Amino acid sequence: MRKIEPILAVLLAAAMIAAAIAAPWLRFVLTIALAKGIAVLGIMLLLRAGQVSFGHALYVAFGAYVVAFLAPRLNDAVLLLAAAAVGAGLLGLLIGLFVARYRQIFFGMLNLAMCMVFYSLLEKLYHITRGSDGIRVEVMPVAGQALDRVAYEWAIFGIALALALGLGILLRLYLSSPMGEALAGIKTRETRLEFMGVPARGVLLSAYVISAVVGGIGGALIAMTSRHVTPLLSYWTASGELVFIAILGGAGGVLGPFLGAAAYELIRVYAAASFADAWQMILGAALLLVILFAPGGLWGMAGRLAGGRGR
Amino acid sequence: MTASLTRREALAAGFGTVLLPATLSAQPAQKPAEFKIGVTTFLSGPASVFGVPSRKACELLVEQMNAAGGIAGVPLRPIFVDEAPGTDHLVGEFRRLVQSEGVHAMFQSISSGSCLACTPLSRELQKLTILWDCGTQRIFEENRWDYAFRTQGYGTPEVLAPLLYLLKTKPNIRTLAVINQDYAWGRDSWELWKAAMDALKPGVRVVAEMFPRFGSTDFSTEITRLLALRPDVIYSTSWGGELVTFVRQATERRLHERSTFVLPVAEASLPALGRSMPEGHIIGTRGDHWNNHPAPANPQLFASFVNAYRQRFNEWPIYPCHHMAQALWALKAGLEKAVAAKNGGWPSDAELANAFRGLTFPTPTSTITLREDGQGLEDQIVGLSSFNERFPFSVPKEMMLFPGAQVSAPVGQKSTDWLKTLTPDFIQQAGRSI
Amino acid sequence: MAEWFQDNGLLLGLALLDGLSSAGLIFLVAVGLNLVFGVLRIVNVAHGSLYAIGAYSAASIGIFLASLGLPGWASIPALVVSAALVGAVLGPLIERFLLRRIYAQEEVVQLLVTFALFMVLEDVQKLVWGVQPIHHDTAMTLLGTIDIPFAGDVIPFTNYQLFVLPGFAVVTLVGLAWFLRRTLTGRVIVAVTTDREAATAMGIDASRIYLLTFSFGAALAALGGALSSPTAALVPGIGAQTIVLSFAVVATAGLGQIEGAALTSLMMGLGRSIAVYFEPELEVVVPYIIMVLVLLVRPQGLFGVTETRRV
């Protein structure tokens, strides 16, 4: 399965490019899907350690608001992406120092609490954040090049795709490094890790910071694509959505989040178009079906299709 | 179900047939077989109390219009999209509707956040966009839009009219408390009210500013505090379930005997409140379309819309239904004007949008003019809650009408700046009893 | 400080009264969630939906009874009956057909199943009860108000909110404590909560206990909803709003701890109402602040037991 992962990745990327050429609105949906996929990489990393963050929308929203706030001053997509990544990483370090002490439900709920506090702040600090009206993000230059709207949208799509591939490869390396292997140790028997002299909290913290960074990058890309940010990005259901995508995709390889995100966005569009007032039910039912009948998610399915040698 | 089937097919075509250019706006204008309207509205979540009735009204009116031959001989087809999932989804849906479904006009949205996010798309995609319900003043005060028009009033007149009514009928108020939902409309509508009140009647003391969480189901603590403070006036622009909950908890504890409520968005919650709405408090409807309007401009049309809605859905229409109807009537007037300008030819997107600038279209109650900046001027009627035999719920009495032009900020001025220029004389000049 | 109390002491008294009634409701919802979590180790996101369905059912049954011409007092037992109905019908359905299939899977998958269920139920609710606010307040209006003297004035409180809600909470707390400590089934539940493996090893039929606990938890959620229905208008989305707070209560209280849930609810109810008087903008974040503070001092929650670290 691991061998065919790169091939699958290239195929998926090619399919996305073809679809984006075919239909401009799909390009938009797919850029969002890529952005969410990048954010979900972080969820997957924490899942490897057996921890569920029910509050990672915090970093997505933070990245998005970094873009919205700094865009007038730091008017370049590349710089803003870097700023969002660094900002989210610092925030992740700060919060991570606190939450990495906790496990399971406490870990999940503390993250949820942080995320909801951020949501409330976005609503409360109305004069800075414009509350639920949100902040508009204008088309911005990319790496110093002023672009028209269509070229800009292509550029962001391209950046998202490149980042998805790049971050996917990096995380794959990370997971197979000793640090990554130790993550899995936290899930099975944390005490054993410590007997071996591996500081579990440090391992989890580093994964947490990485997950915050990719969350921030995902959020920045969402802001650059939808070009309007609102506090809803940080609501608890948005966090649930990220976990949803992670499970839909399957927690196996780094491709899972992208499979999951693409499937999630497409199901949602399809459901919204066909049954505008019951899209939630369709999404929920789709997830139930995957969990009950296709454990391992889409990635697991892909694995079985590719010769039944899933993890 | 046939509609959703074809929509599904259209979507399948979007995924499947790969190399079909989907942008229609660049092609020479041809008379379409049907005029598709993309409608964004809340179909889930707390704001679906507005969204679902508006959708019903839209379907009803479109059916009636199609039975009468459509607009300019073309039948209409609305395609609905839920606003609730959030901006990133909605912006994507807007694009899908324009670029893949090929809608000819967009009707958006209930939430101001949605409007602020989507209105720029009207320019990018060059598609006529009618803002059918959202109230934020920022849209037309901070930008100029060639393709976007709002076919109803907005926050400023909707807040100013009840304030003027209050100051006309109770000139001696000294203290006031506000309890609004904690989101943009709750904050905006307070800022507008405060600016206008400080200009029109300086010296009114604000004894409490409370913004409970959006979606709260318990206001007893806030009510206790208000009972202890005894402000002369309690101002709240809350709506939906929260307003119902607040009024019921407050009246049960006799808060309405200590303070006068000013509720500019009350109308939509009055049917749900029924007889438990207290009498003698100031209520608004975000416009002039009260079910007991004493002198509608076109009584037959008004009665036929209200009765058809009641017969079909077994409930009274609320203001979002009227706002949706206004958008459709505006579309009819604008499209017919554009077709007439081309001597029966079909207008391009730009020509269609141009027809709306300065357009005056009739509503059952009055007329609405779309100003130079795209903002509609809708009259506001405010009154005191009361009961009569015709309605199983509260309706206004001692109504006053404030013409839209009088209570809206002039073109090119920001509302908060304009409100600060008002003087106490304005109270007497504004509005008239009806 | 003394001066401050002289000025604000009376207000603080009012805040305490308000806090009690809101604590009562918070407790009723959270305790069910906590019980289910303690036994099944599932964070039941759909608990919020059960709350909403309980509320809607109570209002519907109340309206139906009134239409039969039954006297107003009948609507009070109707609240309890509708909660029991929801627990007895939906509880077993969900446990048998959904949760039972996934006990063997990872924690995150279980959480996600309930999240999916939450999405489905959100739409089901809309299909059944529509979107217009529904209310049936006979239970509140029937019991009337009581005037509490305040600085030469009187403040009317509804008897329902001042006595019935906290009363139900106390009865539930005492009843639960008795049930868990004094009855065989209760002790078995406690045994499963404390150590699932040991309990099943000793021959306890875990599947029966799961079914029972989940149905009971569902009934408690529905009871919370039903009791709130006389005071609040019911609209789509009330479940989503309620559940976040309950999450915070559960994590703060400690797993499966009913006394912990009671104390936490009290702190959060009082904290919020005091905030409304003195710093309204803080009201929303008060529960999270309490949670973070408690977990800083007691990482296992207020009454949580430190689990033995397994090697």
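Chain B is divided into two domains, with bounds that come from an automatic or database domain assignment. Domain 1 of chain B comprises 2-12 + 33-152 + 298-370, and domain 2 of chain B comprises 156-285 + 380-433. The model is a predicted one, in which local features need pLDDT of at least 70 and side-chain atom pairs count only at pLDDT 80 or more, while totals for chains, interfaces and linings use all residues. Residues are numbered from 1 along each chain as its sequence is written, and chains are lettered from A and ligands numbered from 1 in the order in which they are written.

The C-alpha centres of the two domains of chain B lie 28 Å apart. Their contact takes 15 residues from domain 1 of chain B and 14 residues from domain 2 of chain B, two residues being in contact if their C-beta atoms, placed from the backbone, lie within 7 Å. On the domain 1 side, the elements that give two or more residues are helix H2 (48-67), helix H4 (112-124) and helix H13 (319-341) of chain B; helices (H or I, at least four residues) and strands (E, at least two) are DSSP runs, numbered from the N terminus. That side divides into eight nonpolar, five polar and two charged residues. Here Ala, Val, Leu, Ile, Met, Phe, Trp, Tyr, Cys and Pro count as nonpolar, Asp, Glu, Lys and Arg as charged, and the others, Gly among them, as polar.

Turning to chain C, twelve helices and two strands are found, in the order α-α-α-α-α-β-β-α-α-α-α-α-α-α along the sequence. The radius of gyration of chain C, taken over C-alpha atoms, is 20 Å, close to the 19 Å that the globule rule (2.2 Å times the number of residues to the power 0.38) gives for 311 residues, so chain C is as compact as a globular protein of that length. Of these 311 residues, 57% count as buried, that is, with 20 or more other C-beta atoms, placed from the backbone, within 10 Å of their own. Among contacts in chain C between residues at least 6 apart in sequence, 78% join residues at least 24 apart.

The two chains also meet: 37 residues of chain C are in contact with 31 residues of chain B. Elements of chain C that give two or more residues to this side include helix H4 (107-129), strand S1 (145-150) and strand S2 (153-158). The most comes from H1(C), with five residues. By class, the chain C side holds 19 nonpolar, 13 polar and five charged residues.

Terms used
A residue is buried if 20 or more other C-beta atoms lie within 10 Å of its own, exposed if 12 or fewer, and partly exposed in between; C-beta atoms are placed from the backbone.
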